[in-house]
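Hi everyone, thanks for making time this morning. I'd like to walk you through one chain, going from a few single residues out to the whole fold, so please have the viewer open.

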Amino acid sequence: MSRREQILETAAGLFAERGYHGVSVNDIGEACGISGPALYKHFAGKEDLLAQSLTSISERLLSEGRRRRAEAPDASAALDALVAWHVEFALTHPALIVIQDREWSNLPERAQAAVRELQLAYIDAWVETLRELRPDLDRGTARAATQAVFGLINSTPHSARISSDSMARLLATMARDALLASGA
């Protein structure tokens, strides 16, 4: 892991634990084993750290989601791959889910727009896959179903009370069942 990645991961953990306003640049530096001012070699400041955390993870979600979808032999396998990816992300990066939800208003408008654009493209990969499996769904309904499943999966920072493997299986089953339910 690069120093930059270490700083981003550490900052995300601190933001999730204490809140954006409860963390200083010096706190982040100390947690990384460097001085606070040394962070400025990598980031413009605390706001930049928050923006880069959410932008970079949104880019990763999108690129990995597109890759998994493209490599799948059919729509059913693509859906399984997308679900597995999002569940894996949620279980391994709970701090990023927390800060995305709780610290959105602290992101500068430009960063909000960039993150939102990436998120919409990620959702669209799911929507396209879902509509291949459920041609009865219009685009709006498929998007609503996808975002509802994201809510289910993204609840793990607050709801994961069983082993990680058991939680992954539970979430994958629930997500797939919810997306393919005829009442959706």
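**A walk through the chain**

Let's begin with Ser58, which sits in helix α3, covering residues 46-71. When I say helix or strand, I mean DSSP runs, H or I of at least four residues for helices and E of at least two for strands, numbered from the N terminus. Before we go on, a word on where this comes from: it is a predicted model, where local features need pLDDT of at least 70, side-chain atom pairs count only at pLDDT 80 or more, and totals for chains, interfaces and linings use all residues. Residues are numbered from 1 along each chain as its sequence is written, and side-chain values use heavy atoms, leaving out hydrogens and water.

Back to our serine. Is Ser58 buried or exposed? Its relative accessibility is 4%, so Ser58 counts as buried. The cut-offs here are under 20% relative accessible area for buried, over 50% for exposed, and partly exposed in between, with a 1.4 Å probe and protein chains only. And which residues does Ser58 contact, once neighbours within four places in sequence are left aside? They are Val115, Leu118 and Gln119, where contact means heavy atoms within 4.5 Å.

You'll find Leu130 in helix α6, residues 109-133. Leu130 has a relative accessible area of 0%, so this leucine is buried. Not counting residues up to four places away in sequence, Leu130 touches Leu137, Ala142, Ala145, Thr146, Leu179 and Leu180.

For a contrast, look at His158. This histidine belongs to helix α8, residues 156-159. His158 has 52% relative accessibility, so it counts as exposed. His158 and Pro94 are separated by 64 residues in sequence, with their C-alpha atoms 8.9 Å apart in space.

Now to the start of the chain. Helix α1 runs over residues 3-18 and holds Glu5, and Arg4 lies in helix α1 too. Glu5, at 44% relative accessibility, counts as partly exposed. Arg4, at 30%, also falls in the partly exposed class. Beyond residues up to four places away in sequence, Arg4 touches His42, Phe43 and Gln52. Arg4 and Asp80 are 76 residues apart in sequence and 32 Å apart in space, C-alpha to C-alpha. For Glu5 and Gly19, 14 residues apart in sequence, the C-alpha distance is 20 Å.

What do the records say about this part? UniProt, in an unreviewed entry, lists "domain: HTH tetR-type" at residues 1-61. Those positions are in the numbering used here, feature names are shortened, and annotations may be inferred rather than shown by experiment. Over residues 1-61 the chain is 66% helix and 0% strand, with the end C-alpha atoms 18 Å apart. The unreviewed UniProt entry also places the feature "DNA-binding region" at residues 24-43. Over residues 24-43 we have 40% helix and 0% strand, and the end C-alpha atoms lie 14 Å apart.

Finally, let's zoom out. How many helices and strands does the chain have? There are 9 helices and 0 strands. The radius of gyration is 18 Å, close to the 16 Å that the globule rule gives for 184 residues, so the chain is as compact as a globular protein of that length. That radius is taken over C-alpha atoms, and the rule is 2.2 Å times the number of residues to the power 0.38. Along its principal axes, the C-alpha trace spans about 55 × 35 × 30 Å.

Of the 184 residues, 44% count as buried. Among contacts with a separation of 6 or more, residues 24 or more positions apart account for 65%.

That's my tour, so over to you for questions.
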